[in-house]
Amino acid sequence: MDAQTCLQKMKLVGTLALATVDECGCPQIRCVSAVHYEPDAVYFFTARGKEMAQQLMRNGRLQTMVHTRFNEMIRMSGVAVPVSAAEQRMWIDAIFDEQPYLANVYPGETRSIGIVFKVTEIVLDYFNLGVRPIERGRYPLGNAPVCQKGFHITEDCIGCGTCLSVCPQGCITPGDIYEIQQEHCLHCGACAENCPVGAAERL
């Protein structure tokens with residue numbers, strides 16, 4: 001799996017569940033299908049007057065999630081910024097060409113009420129529950145920073161094997177210091193809850 005494959009899978013799913021944060025700090029989720037994909041960015045159209053557009057103008061942080069029929073989940077985290085005024089019409093027309101149904105929603109020149117945002121600093125999280133052990137990965141686009149999540153086992157490990165015995169995916173490798181296979185880890189925390197010496201810690 002890689003970032004470009006994740007983007008292609010998102011494109012095939014079509015509609016994104018897009019989350020922002022409102023002025024009260026509450027999460028807001030809506031469906032967005034007026035989306036265009038480039039290898040290094042994602043563009044989407046909405047109306048300037050919509051709450052989502054106002055929330056993104058205040059704080060561009062967003063997340064989207066898709067779920068494929070193969071029980072794969074792909075989450076995109078990033079920052080949305082309006083494209084330049086000089087490029088707005090170009091991207092609006094491109095999105096309307098790709099999504100003909102939009103002409104029913106914004107016929108003729110009413111599309112001028114719209115605004116196109118570009119999502120940058122993208123990190124894609126891939127999570128496949130349809131295989132065993134499960135598969136997961138984190139993939140940045142461009143120079144987006146990627147922080148590690150989940151758990152790891154420290155040098156305090158006594159090699160007792162308790163963590164492996166309670167791991168739902170059996171994704172811990174035995175050794176003098178046991179090691180979690182991060183690409184198969186559920187991030188459930190069973191290892192940390194059951195380690196008798198506290199050697200399993202959150203990253």
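The model is predicted, so local features need pLDDT of at least 70 and side-chain atom pairs count only at pLDDT 80 or more, while totals for chains, interfaces and linings use all residues. Residues are numbered from 1 along each chain as its sequence is written, and side-chain values use heavy atoms, with hydrogens and water left out.

**Stop 1**

Helices (H or I, at least four residues) and strands (E, at least two) are DSSP runs, numbered from the N terminus. Asp93 is partly exposed, at 25% relative accessible area.

Arg89 counts as partly exposed at 38% relative accessibility, and Glu109 counts as exposed at 52%.

**Stop 2**

For another of them, select Asp125 and Arg75, whose side chains meet at 3.5 Å, N to O. Asp125 lies in strand 7 and Arg75 in strand 6, so this pair ties together parts that are 50 residues apart in sequence. Is Asp125 buried or exposed? Asp125 counts as buried, at 10% relative accessibility, whereas Arg75 counts as partly exposed, at 24%.

**Stop 2: the nonpolar cores**

Next, select Met10, Val42, Phe44, Val119 and Leu124. In the largest nonpolar core, which has 27 residues, these five touch the most other members. A nonpolar core is a set of buried Ala, Val, Leu, Ile, Met, Phe, Trp, Tyr and Cys residues joined through side-chain atoms within 4.5 Å. Color the elements that each supply at least two residues of this core: helix 1 (3–13), strand 1 (16–21), strand 3 (35–38), strand 4 (41–47), helix 2 (51–58), strand 5 (61–67), strand 6 (72–82) and strand 7 (114–128). With six residues, strand 7 gives the most.

Zoom in on Val119. Leaving out residues up to four places away in sequence, Val119 touches Ala41, Val42, Phe44, Leu62, Met76, Gly78, Val79 and Ala80 (contact means heavy atoms within 4.5 Å). Then move to a second, separate core of 14 residues, which includes Cys163, Cys195, Ala199 and Ala200.

**Stop 3: helix 2, end on**

Which residues of helix 2 are buried? They are Met52, Ala53, Gln55 and Leu56. Look down the axis: these buried residues fall within an arc of 160°, so they line one face of helix 2 (the arc is that of the directions from the helix axis to the C-beta atoms). Glu51, Met57 and Arg58 are exposed on the face turned away from that buried side. To see what covers the buried residues, show strand 1, strand 2 (27–32), strand 4, strand 5, strand 6 and strand 7, which are among the covering elements.

From there, pick Thr46 in strand 4, buried at 6% relative accessible area. Setting aside neighbours within four places in sequence, Thr46 is in contact with Met52, Ala53, Gly114, Ile115 and Phe117.

**Stop 4: zoom out**

Finally, show the whole protein chain, with its six helices and 12 strands. Its radius of gyration is 21 Å, well over the 17 Å from the globule rule for 203 residues, so the chain is more spread out than a compact globule. That radius is taken over C-alpha atoms, and the rule is 2.2 Å times the number of residues to the power 0.38. The C-alpha trace spans about 70 × 35 × 25 Å along its principal axes. Of the 203 residues, 41% count as buried.

Notes: Buried means under 20% relative accessible area, exposed over 50%, partly exposed in between (1.4 Å probe, protein chains only). A salt bridge is a side-chain nitrogen of Lys or Arg within 4 Å of a carboxyl oxygen of Asp or Glu.
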